[in-house]
Amino acid sequence: MSLIIKDTVIIGIGNILLQDDGVGVHVIKQLENEKLPSTIELVDGGTSTLDMLGFFLDYKKIIVVDCLRAGLEPGTIYKIKPEDIKSYKKENLSIHDVQILDVVRMANMMNKYPQVIIFGIEPEKIAVGLEMTQTMVTKIPEIIYNIKKEIEIN
């Protein structure tokens, strides 16, 4: 019996009760229906980014999907690395983004330096509601395409 080593984790962050804020979780749900290599782990990270530290210690590559307000057109997809977040204005960042930086820092303090890529999607509306805006829904295939490109499967 061969043991499959999972080396990449895709974590969807967000609150599905707040419309577009749940985009990361919706992307993970969609990815569960895709054919992905057995080395990939899919994680619904919900809203508790700090609980994700274990993944940052155990995996070589981490892809995070979350909504990110950076002031561009709703639906804009940002591909950034944690070190790029510092250049975004603090008031535009969600609590998740700040926590991602903390988690990366904690992992680094434990001598772990995974490759971290964040796909942030500019939300149109964050308000109480289970339905994402049509803008976000139509972006999910593009987000998945970008993730697959990142893990080199098409």
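This is a predicted model: local features need pLDDT of at least 70, side-chain atom pairs count only at pLDDT 80 or more; totals for chains, interfaces and linings use all residues.

**A helix pair on a sheet**

Helix α1 passes α5 in a right-handed crossing. The contact draws on Val23, His26, Val27, Gln30 and Leu31 from α1. From α5 come Met136, Ile140, Ile143, Ile144 and Ile147. By type, these residues split into 8 nonpolar, 2 polar and no charged. The helices span residues 23–31 (α1) and 134–150 (α5). Their axes come within 10 Å and cross at roughly 65°.

Residues three or four places apart in an α-helix point the same way, because a turn takes 3.6 residues. Now consider burial in α1. Which residues of α1 are buried? They are Val23, Gly24, Val25, Val27, Ile28 and Leu31. The cover over these buried residues includes α5. It also includes the strands β1 (8–13), β2 (40–46), β3 (61–67) and β5 (115–121).

Next, the sheet. It is open, has 5 strands and runs in the order β2-β1-β3-β5-β4, with mixed pairing. On average, neighbouring strands are turned by 15° against each other, direction ignored.

Within the sheet, β3 and β5 pair in the parallel sense over 7 bridges. Asp66 stands opposite Gly120 of β5.

Both helices return here. α1 packs on the sheet and touches β1, β2, β3 and β5. The direction of α1 makes about 135° with that of β1. α5 also packs on the sheet, touching β1, β3, β4 and β5. The direction of α5 makes about 165° with that of β5.

Conventions: Residues are numbered from 1 along each chain as its sequence is written. Side-chain values use heavy atoms; hydrogens and water are left out. Axes are lines fitted to C-alpha atoms, for helices over the stretch in contact, and angles run from 0 to 180 degrees between N-to-C directions. Helices (H or I, at least four residues) and strands (E, at least two) are DSSP runs, numbered from the N terminus. A crossing is left-handed if the near helix is turned anticlockwise from the far one by less than a right angle, and right-handed if clockwise. Contact means heavy atoms within 4.5 Å. Ala, Val, Leu, Ile, Met, Phe, Trp, Tyr, Cys and Pro count as nonpolar, Asp, Glu, Lys and Arg as charged, and the others, Gly among them, as polar. Buried means under 20% relative accessible area, exposed over 50%, partly exposed in between (1.4 Å probe, protein chains only). Two strands pair if DSSP finds at least two bridges between them.
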